[in-house]
Structure formats: structure tokens, C-alpha cells
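Dear colleague,

Please find the structure below. My notes on what was found in it follow.

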2 protein chains.
Amino acid sequence: MASISEIPDIVIGRLPIYLRALTQLIQQGQEITSSHELGQRLGISSAQIRKDLSHFGEFGKQGTGYQISHLQAQLKQILQVNREWPLVVVGAGDLGRAIAHYGGFVERGFRVVGLFDNDPAKIGTGAPDLKVKDIAEITDFVRERNIKIAMIAVPAEHAQAVCDTLVKAGVRAILNYAPITLTVPEGVHVQYIDPVTHLQRMTYYLD
Amino acid sequence: MASISEIPDIVIGRLPIYLRALTQLIQQGQEITSSHELGQRLGISSAQIRKDLSHFGEFGKQGTGYQISHLQAQLKQILQVNREWPLVVVGAGDLGRAIAHYGGFVERGFRVVGLFDNDPAKIGTGAPDLKVKDIAEITDFVRERNIKIAMIAVPAEHAQAVCDTLVKAGVRAILNYAPITLTVPEGVHVQYIDPVTHLQRMTYYLD
DNA sequence: TAGATTGTTAATCGATTAACAATC
DNA sequence: TAGATTGTTAATCGATTAACAATC
């Protein structure tokens, strides 16, 4: 088991995939799995799964495999999603509202606690428990609640400014839905969701 | 310039990122760039960018760099997005509707031409030009129009069945928003968008 | 010309896989 | 026990980077 600082980011990136697959197996009523079965489902070699897990400890039993609930609990702990992270969504357009009201976050470790926009026509509207707030209030909101995670769903031309504001307020992890690369200081993590880049990656292979 | 069949998928995956950055530079009024500048913006080494591009030809000029509009046109051609791909969205919940009405597809090579759901309460509703259609009609719809691309935004438990239907109808590229890994035959491409996996990848690094 | 940047080669670096002893 | 599967090592494979001749 290597020291934590040496674990490659590409390995960290696969852990949520493993976690998701384990949750699915549990829902199907299964209690035990193997690196082979998991690999087949995910299109990953069994050796890679065992190697990835070995960075963090020993979670299986020779001859048997892995108790799914146990491995799931371990992965949640490693990824720090055995708690609930509050997060804010910036941008209350179609996409921002859809994200903010998505029901699948809570069971996987996240809760949307604020939805912000700069459009006066939108501020105050929406579900009673998640009314759109004025973007001007976001710094205080994030600071007071010690929020570390945000999702950006504003037009591309405003994304960098929103990002800067969030970082200044203390946000350390950003999921960016705007189709631009953000510049952030060291220690701030950014992930990107741009459906078009995924589509373009596939059209290359189409006839 | 290597033969096309040898080009690593990881290289293909970076081309849409380059294309997106070039488009942004053009919008900012810039006409020439270099591998160094592009790399700085994207957090990628200049050597990697030059190496990636060299798989497809020579697009730059020594001492000068790249004419952005030319490189952009070349990348569009390589990725086959110098045309407009029709696609269907399956699932007319909050997320599916938000995706279907997203305005950013057309300028990047895609057009949503159909939105489907199995809920009678939803069928027939929505914008006049993109009314929700009955999922029962999707096979004919896809076949008749020779549609090759689909986005899946249905609950996880229905995603695999929808996927099977789409593939049988002729779809060859699927962007899946449901949080499960899909099983598809050889020759069918799948990309995944699951915001939670991205978030979980970042929480690992948070204090 | 002098300075800059490409395209490409070779070296380095890191990730994946094969194989197997350990052991349940 | 016999069969199965883990965790780990070493080998392989592939991707990234450094360096530089070519040349605009």
C-alpha cells in the first residue's frame, strides 16, 4: 500500500466508476463480486482493478472475491463521500435548474443548497426550497456555510468571472458546464462537462 | 503522418478540446496562435499538441505558428463536424428537456431533431418545433432519417433497454447521462456524462 | 539576418498487463 | 482438499516530454 501522495490521479478517477458499479450490483441483490466480474462489466481488466485497489489496502479475500457492501463502504471513505457535501449551482437557465433539481445527488454524497443567477427576472422564482438567489449574495452564502464545491452553468462568456468569485469565496472544487477551459489557482480542482466534446470524439469514428 | 487506423483514442479525445479553444480564440479576435500558447491555456505541453496534430498532417508554419481559422477547419474535418449531425434525445424529464433545448449544439455540428419519452402525460407537450414523441415511434424515426447519434437521459433502470432499442434501429454513437455503464455491441461508441463521478473525483482531494 | 516555432526523433516516464505465490 | 481469486512483482506496452534540425 503506497503512501497516499503517490496515487496517480488516473486511479482516483476510476474509483467513482467502481463505486457506481458496486452500488448497481447491490441494487440487483448481489453480495459478493470479483475483480473479474467487475472488470467485465466496466470493460476494464481485472488486473487493473486489483492494482488500483491495492493502492489503498486489501479489501478482498483470496478464492472468494470482494464483499460488495464492504468494498463500497471503503471506496466511499477513500473518496470522502461517506458524508454529505453541500454545493451551489450558479446559473438558473434550463440546464442550471435541471441540475439543481436532479434527485440523484443526495444518495451519492452531495446536496444542492443554493441556486444563483444574475437575472432579476429569475431571482426569487423556482421551487420553494430552492428559490433562485441573487448572484451578489453568493460570496457571503459560500463563506458562511463553508461551501467547497460549486457547479457552473452560466454562458461561456461569464464562466471565468463566476469562477474567480467562487474561488475567492473559498470554493475548492468546480464542475464546469460552460464550454471553456477555466484558469484557477493551484489547489483548486476543476472538472468539465461538455456534451459536445464527447459527441465530437465519437463522430470521428462514424462512417 | 501515421495511417489513420493507428491514431490512439486518447489523441482523438483531445482534438475537441483543441477545437473548442481555437473557437474561443477566434471569438476574441485572434488570428494566429502557437502550440505554446494553446498549451498554456489548456494546461497541456506544447510538445503534446504538436505531436497530436502531427498524426494528421502539417498545419503550422515554422517561426510563426498556426493560422487559427485554418487549423480549426482542419480539426472540424478530421472530427467530421464540418457537417450537421442529427440526433435524438431519449427522456423528457428536466435534464432531457434542458439538453434538447440547449442552444449550443448547432454551431458545433449537431442538431436535436427528436425528443422521446414513454410517459403519456409528457407526449405531445413542449416547444412546437420539438414536441415530445412517443418512445414507441423512435425506431421508425431513427431508421427513416438515418440517425446515428442519440443521447440517453432516462432513469438508470431503463437506460440499457433504451440503448438496445437505439442500437437495433441503427444508432452508432450514444451519449449516456444515466449513471450506469452500458453494454453495446462492437462498433457502437458510448460516452458517459455523470456529474457525480466528477464530483467524487474531486472530493478525494478536499481537506 | 536573427528570432521563433514547427514537425519529428529518441529518451523518458508512467500505466497496464501477465503471471504467480499466497491463501481462503 | 481442489478450485478460485486475491495482492503484488516484473515485464510490457504506450504515452509524454525533451531536444533539435529545418525553416519561415
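A residue is counted as near a strand if one of its heavy atoms lies within 4 Å of that strand. This is a predicted model, in which local features need pLDDT of at least 70 and side-chain atom pairs count only at pLDDT 80 or more, while totals for chains, interfaces and linings use all residues. Residues are numbered from 1 along each chain as its sequence is written, chains are lettered from A and ligands numbered from 1 in the order in which they are written, and side-chain values use heavy atoms, with hydrogens and water left out.

The DNA strands

Of the atoms of DNA strand D within 4 Å of the protein, 62% belong to sugar or phosphate, and bases supply the rest. There are 25 residues around DNA strand D, of which S35(A), R50(A), G60(A), Y66(A) and Q48(B) come nearest. Several polar contacts can be listed here (pairs of N or O atoms within 3.5 Å; within protein, one must be able to donate a hydrogen and the other to accept it, and residues adjacent in sequence count only if both atoms are side-chain atoms). Q48(B) places a polar side-chain atom 2.8 Å from a sugar or linking oxygen of DNA strand D.

For DNA strand C, the residues that come nearest, out of 25 around it, are Q48(A), S35(B), R50(B), G60(B) and Y66(B). Sugar and phosphate make up 63% of the atoms of DNA strand C that come within 4 Å of the protein. The side chain of Y66(B) has an N or O atom 2.8 Å from a phosphate oxygen of DNA strand C, and a polar side-chain atom of S45(A) is 3.0 Å from a phosphate oxygen of DNA strand C.

The protein interface

Contact (heavy atoms within 4.5 Å) joins 60 residues of chain A with 60 residues of chain B. Between them, the two chains bury about 5,600 Å², 65% of it on carbon and sulfur atoms; buried area is the accessible area (1.4 Å probe) that two parts lose on being put together, summed over both. The interface holds 6 salt bridges, each a side-chain nitrogen of Lys or Arg within 4 Å of a carboxyl oxygen of Asp or Glu. One salt bridge links D194(B) and R20(A) (3.0 Å, N to O).

Yours sincerely
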